[in-house]
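This briefing concerns the structure shown below. It is organised by topic for reference alongside the coordinates.

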Amino acid sequence: MTLLFISHVDDPKEWQTELRRLLPGLKMRVGPQTRNLDDIDLALVWAPPPGELRRYPNLKAILSLGAGVDHILKDPRLPKGVPIARLVDPMLTELMSEYVLLSVLRHHREFDHFEAMQRKKKWDYRFPPDRSKRRVGVMGMGVLGTDAARKLVAAGFPVLGWSRRQKRIPGVESYSGTAGLGAFLKRTDILVCLLPLTGATRDLIDAKFLKRMPKGAYFVNPSRGAVVVEKDLIGVLDSGHLAGATLDVFREEPLPKSHPFWTHPKVLVTPHVAAMGYPYSAAPRVALNIRRARAGKRMLDLIDPKTGY
Ligand code: NAP
Ligand code: GLV
């Protein structure tokens with residue numbers, strides 16, 4: 001029984017060290033593999049090449065190296081019926097909430113504006129805005145959205161949350177489904193997207209969607225690029241309806257040099273760095289799932305292939 005490891009961003013040595021600490025004797029091979037394909041029973045992956053996971057006839061579970069699983073589900077030849085677990089990790093959650101808080105505060109305190117004024121050597125005095133009047137709307141109230149929303153509440157912002165199903169989170173006004181979307185957007189001054197990329201969320205955030213927010217609103221996206229129609233976002237920024245955006249994820253990554261986001265005065269680009277699962281923190285949950293899968297038990301953090309998250 002051997003664990004297959006595939007990722008172009010994660011360090012296999014670090015993962016092996018941390019996993020072996022918890023599962024002594026664990027056999028791990030870095031893929032793609034060309035020999036002894038029958039030995040592979042589990043795969044720990046980030047963005048495996050299309051068709052790759054189908055090559056292992058005894059594969060009984062797939063473990064994602066990311067919280068999102070779109071990098072696995074996009075494979076049209078993914079083996080059917082093999083359970084997929086996503087990555088849930090306290091450090092990753094912590095990093096994401098930090099990114100969200102920083103981005104929200106930067107827009108709230110108009111640092112984007114002051115950065116632009118500094119380049120012009122302009123002393124543009126403005127009264128500091130009141131945090132209790134800046135409503136932050138979080139789309140996607142899962143592991144990451146819920147933690148970010150709680151920290152935004154603790155920081156003193158009025159917080160709204162939108163998800164597929166209604167939630168009860170202290171201090172957060174909950175909205176759900178298509179029926180709740182209009183009221184949620186109308187009351188959101190800074191929108192934070194923490195939705196997974198699925199059939200239902202792809203291209204969700206277009207011009208019509210963004211125009212439902214109040215004029216002067218901000219947009220923060222550390223989820224997935226394809227949730228957003230990028231040319232519509234640029235249009236809404238250019239028209240002045242949106243005041244600014246912080247973007248960590250893009251339809252094409254790395255963001256092509258010719259992309260207008262790079263030079264847009266109202267956009268801050270970060271290179272998909274909002275959060276990640278470091279092995280020293282994430283390995284215990286992965287090891288637990290390896291044990292469960294090998295014992296024939298249901299893994300934790302399973303995704304539903306029908307909804308895609
Ligand atoms: P999660 O726990 O699965 O939560 C997903 C949330 O989205 C749930 O609240 C779910 O609603 C909601 N949702 C899904 N489809 C929806 C729809 N059609 N309409 C309304 N709400 C919908 O996921 P997570 O761990 O919080 O991660 C969220 C995403 O963050 C990941 O999928 C990944 O794309 C992204 N991410 C990015 C980075 C980065 O570095 N940029 C790092 C980690 C993760 P219900 O609660 O009702 O099911
Ligand atoms: C990163 O983007 C993740 O999904 O964990």
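**Helices, sheet and nonpolar cores**

Helix α8 (residues 230-238) lies across β10, β11 and β12, running at about 140 degrees to β11. The model is predicted. The points below describe the sheet, another helix lying across it, and the nonpolar cores.

**Sheet**
- An open sheet is formed by 7 strands with parallel pairing, in the order β8-β7-β6-β9-β10-β11-β12.
- Strands β8 (172-176) and β12 (267-269) stand at the edges and each has a single partner strand, so one side of each is left without a neighbour in the sheet.
- On average, neighbouring strands of this sheet are turned by 15 degrees against each other, direction ignored.
- Strand β10 (residues 217-221) runs parallel to strand β11 (residues 242-247), and 5 bridges join them.
- Phenylalanine 219 has alanine 245 in β11 as its bridge partner.

**Helix α3**
- Helix α3 (residues 90-108) lies across β6 (136-139), β9 (190-193), β10, β11 and β12, and runs at about 155 degrees to β11.

**Nonpolar cores**
- The largest nonpolar core has 45 residues, of which Trp15, Leu19, Leu44 and Ile290 touch the most other members.
- Helix α9 (residues 279-294) gives the most to this core, contributing 6 residues.
- This core lies between domain 1 (2-89 + 277-294) and domain 2 (91-269), because both give residues to it.
- Leaving aside neighbours within four places in sequence, leucine 44 is in contact with Leu3, Leu4, Phe5, Ile6, Trp15, Leu19, Leu63, Ser64, Leu65 and Val286.
- A second, separate core of 33 residues includes Trp162, Leu197, Ala217 and Leu233.

Technical notes: Residues numbered from 1 in each chain as written. Chains lettered and ligands numbered in written order. Predicted model: local features only at pLDDT ≥ 70, side-chain atom pairs only at ≥ 80, totals over all residues. Heavy atoms only, no water. Core = buried A, V, L, I, M, F, W, Y, C linked by side-chain atoms within 4.5 Å. Buried < 20%, exposed > 50% of the residue type's maximum accessible area, 1.4 Å probe, protein only. Helix = DSSP H or I, 4+ residues; strand = E, 2+ residues; numbered from the N terminus. Domains from an automatic or database assignment. Contact = heavy atoms within 4.5 Å. Pairing = 2+ DSSP bridges. Axes fitted to C-alpha atoms, helices over the stretch in contact; angles between N-to-C directions.
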